[in-house]
Amino acid sequence: MNPGLTHILFISIALFFIGVFGFFTRRNLITMLMSIELILNSVNLNFIAFNKYVWPDKLTGLFFTIFVIVIAAAEAAVAIAIIINLYRNYQTIDVEKVEELKY
Amino acid sequence: MNGSTIIFYMLAALILGSGFLSVTTRQIFRAAIFLLFSLIGVAGMYFWMDYEFIAAVQIVVYVGGITVLIIFSIFLTQQAGEKLPEQSMSRMLFAALAAFCGFALILLQIAKHTFTNSTTTITAPTVENIGNEMLGVNKGGMALPFEVVSVLLLAALVGCIVIALRQKTQQTN
């Protein structure tokens with residue numbers, strides 16, 4: 001069977017829910033950040049596939065992908081700055097153990 | 001079964017296999033390396049769809065930038081060779097159930113829907129077309145979001161420096 005839009009959408013959904021599964025199970029901030037990167041990548045794959053197979057006369061999906069990549073880079077940088085600051089204050093980055101604001 | 005199809009399935013296996021290992025392995029450094037392979041697979045998928053510019057951006061930003069940043073932060077915050085704590089079985093089970101339910105729901109929707117190609121004219125995603133449209137100020141041009149996103153990047157840069165700065169003790173004043 002020749003791969004087309006549906007195949008790429010299948011990969012993108014599977015990658016998205018792998019990321020969601022990781023986000024639910026992991027309790028370490030860095031691995032949660034990795035799951036978010038997987039989710040954002042699946043969304044990018046989706047945008048490019050729709051751009052190629054449904055609206056090939058425009059480049060809008062491609063621009064969305066570029067902006068998502070830029071914002072993901074900014075988000076990862078800020079998140080890692082926060083994680084390092086958290087580690088400096090608590091000596092751990094486990095979300096179960098950082099609970100000062102919880103009660 | 002021609003060469004393009006075989007490459008597609010190999011890329012799919014690379015993306016999903018290393019993505020799954022990345023969220024299940026208990027050694028955090030291996031998780032980062034599996035994430036790297038998954039991102040390379042996504043870049044290969046962009047190459048397979050003939051979007052070379054996006055593939056190059058993916059390799060430069062994700063593989064070269066974000067993964068290295070994540071590996072650095074692992075070195076800064078984790079003891080070497082220490083495994084992540086064991087997950088409780090019920091949490092794994094419910095997370096897998098929730099992920100599978102969402103997956104099945106969306107897969108059903110996609111199977112029901114037929115996607116039709118709206119037009120036959122093709123704008124090739126060459127660097128020339130991308131550049132003209134990205135900095136265009138006419139209808140459909142992307143100059144304004146481009147500027148907004150550059151301000152966002154500057155804000156993120158300054159914010160990172162301020163957050164990660166070591167706080168001075170109060171004795172200076």
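Two residues are in contact if their C-beta atoms, placed from the backbone, lie within 7 Å. This is a predicted model, in which local features need pLDDT of at least 70 and side-chain atom pairs count only at pLDDT 80 or more, while totals for chains, interfaces and linings use all residues. Residues are numbered from 1 along each chain as its sequence is written, and chains are lettered from A and ligands numbered from 1 in the order in which they are written.

**View 1. Helix α3 of chain B and its packing partners.** Helices here are DSSP runs (H or I, at least four residues), numbered from the N terminus. With 26 residues, α3(B) reaches 36 Å from its first C-alpha to its last, close to the 38 Å expected at 1.5 Å a residue (the expected span is 1.5 Å times one less than the number of residues). Look for its buried residues, among them B:Tyr62, B:Ile66 and B:Ile70. A residue is buried if 20 or more other C-beta atoms lie within 10 Å of its own, exposed if 12 or fewer, and partly exposed in between. The buried residues of α3(B) pack against α2 and α3 of chain A, together with α2 (28-48) of chain B. B:Val68 also lies in this helix, but B:Val68 counts as exposed because it has 12 C-beta neighbours inside 10 Å.

View 2. The 31 residues of α3(A) should span 45 Å at 1.5 Å a residue, and the end C-alpha atoms are 44 Å apart, which agrees. Buried residues of this helix include A:Leu62, A:Ile66 and A:Ile80. They pack against α2 of chain A and against α3 (52-77), α5 (127-134) and α6 (143-164) of chain B. Just after α3(A) comes A:Gln91, with a positive phi of about 60 degrees. A:Gln91 has 9 C-beta neighbours inside 10 Å, so it counts as exposed.

**View 3. Where chain A touches chain B.** Here 57 residues of chain A are in contact with 66 residues of chain B. On the chain A side, the largest share, 20 residues, comes from α3(A). By class, that side has 42 nonpolar, 10 polar and 5 charged residues. Ala, Val, Leu, Ile, Met, Phe, Trp, Tyr, Cys and Pro count as nonpolar, Asp, Glu, Lys and Arg as charged, and the others, Gly among them, as polar.

**View 4. Helix α1 of chain A beside helix α1 of chain B.** The axes of α1(A) (residues 5-25) and α1(B) (residues 3-24) come within 9 Å and cross at roughly 5 degrees. Axes are lines fitted to C-alpha atoms, for helices over the stretch in contact, and angles run from 0 to 180 degrees between N-to-C directions. The two helices are therefore roughly parallel to each other (angles under 35 degrees count as roughly parallel, over 145 as roughly antiparallel). Among the residues that make the contact are A:Ile18 and A:Phe21 of α1(A) and B:Leu16 and B:Phe20 of α1(B). This contact has 10 nonpolar, 2 polar and no charged residues.

**View 5. Helix α1 of chain A with helix α4 of chain B.** α1(A) and α4(B) (residues 89-112) pack at an angle of about 160 degrees, with their axes 9 Å apart. They are therefore roughly antiparallel to each other. Residues that meet here include A:Phe17 and A:Phe24 in α1(A) and B:Phe103 and B:Ile106 in α4(B).

Notes: Angles under 35 degrees count as roughly parallel, over 145 as roughly antiparallel, 65 to 115 as roughly perpendicular and the rest as oblique.
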